Amino acid sequence: LCRRLILSAGLAAACLCAWSEGSGAGPRIEGIGQAGGPLPDVVTALCLDRTGLLWIGSRDGLLLFDGQTLRTFEYDVSDPGSISDNAIRTIYEDHEGYLWVGTNSGGLNRLDRAQWRFQRFRHDPADPGTLSHDSVYAVLEDRAGFLWVGTQQGLNRFDPKTRTFRHFLADSADPAALAS
């Protein structure tokens with residue numbers, strides 16, 4: 001049984017550690033980041049997807065490590081298909097293989113892997129069916145296929161069929177509401 005552990009420490013020091021249980025051999029350390037570009041100083045999120053690709057979130061953008069090279073995805077003000085913010089908070093792959101990326105101030109992004117373009121889901125105060133806040137901390141899918149999105153201002157349930165969000169917010173007057 002092969003095990004992999006991702007380690008990261010400041011100043012872009014990162015390595016992959018792999019070993020086989022019961023082999024008697026110690027862990028094998030492999031450095032990553034030099035051939036494909038430097039790793040970020042601070043890693044904020046990791047996701048190993050179903051195809052074995054490693055997605056790395058940082059304060060400086062989203063990186064994809066394919067085992068050989070690093071590819072960087074960064075916000076580009078002139079490109080509406082780029083990721084909406086470089087500061088990544090969370091990365092999640094749903095049951096259909098869509099990659100969801102929560103950002104510090106750019107909302108939620110869904111990657112279209114066929115075109116390598118991002119669809120952005122942002123807060124719009126004029127539309128109650130949008131995300132409750134653009135700072136996304138967590139994403140998780142339930143058994144029914146709804147995405148639950150934790151933000152700086154409440155919890156959101158995203159319906160992929162209608163592409164709308166339902167908000168669950170704190171309300172001191174409602175004992176059934178979120179506490180904070």
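1. The accessible surface of the protein amounts to about 10400 Å², and carbon and sulfur atoms account for 51% of that area. The model discussed here is a predicted one. Of the 180 residues in the protein, 39% count as buried.

2. In its secondary structure the protein has 15 strands and 0 helices. When contacts between residues at least 6 apart in sequence are considered, 34% of them join residues at least 24 apart.

3. Strand S10 covers residues 108–112 and pairs with S11 over 5 bridges in the antiparallel sense. Asp112 stands opposite Arg117 of S11, and Arg110 has Gln119 of S11 as its bridge partner. The two strands form a hairpin with 4 residues between them. In the turn, Trp116 has a positive phi of about 55 degrees.

4. Which residues touch the most other members of the largest nonpolar core? They are Trp55, Leu62, Ile91, Leu99, Val101 and Phe118, in a core of 13 residues. At least two residues of this core come from each of strand S4 (43–48), strand S6 (61–65), strand S8 (88–93) and strand S9 (99–103). As general background, nonpolar side chains tend to be buried together in soluble globular proteins.

5. Leaving aside residues up to four places away in sequence, Val101 touches Leu62, Ile83, Ile88, Thr90, Gly107, Leu108, Asn109 and Phe118. Among these neighbours, Leu62 and Phe118 are also listed with Val101 as touching the most other core members.

6. Where does Asp49 lie? Asp49 belongs to the loop between S4 and strand S5 (54–58). Asp49 is classed as buried because its relative accessible area is 5%, under the 20% cut-off. Its side chain has a polar contact of 2.7 Å with the side chain of Thr51. A further polar contact, of 3.0 Å, links the side chains of Asp49 and Trp55. Not counting residues up to four places away in sequence, Asp49 touches Trp55, Glu93 and Arg113. Trp55 is itself one of the residues named for touching the most other members of the largest core.

7. Thr130 is found between strand S11 (117–121) and strand S12 (136–141). Is Thr130 buried or exposed? With a relative accessible area of 13%, Thr130 is buried. The side chain of Thr130 reaches the backbone nitrogen of Asp124 at 2.9 Å. Apart from residues up to four places away in sequence, Thr130 touches Arg122, His123, Asp124, Asn156, Phe165 and His167.

Notes
Residues numbered from 1 in each chain as written. Predicted model: local features only at pLDDT ≥ 70, side-chain atom pairs only at ≥ 80, totals over all residues. Heavy atoms only, no water. Buried < 20%, exposed > 50% of the residue type's maximum accessible area, 1.4 Å probe, protein only. Contact = heavy atoms within 4.5 Å. Areas by Shrake-Rupley, 256 points an atom, 1.4 Å probe, with all protein chains shown as cover. Polar contact = N/O pair within 3.5 Å; in protein donor to acceptor, adjacent residues only side chain to side chain. Core = buried A, V, L, I, M, F, W, Y, C linked by side-chain atoms within 4.5 Å. Pairing = 2+ DSSP bridges.
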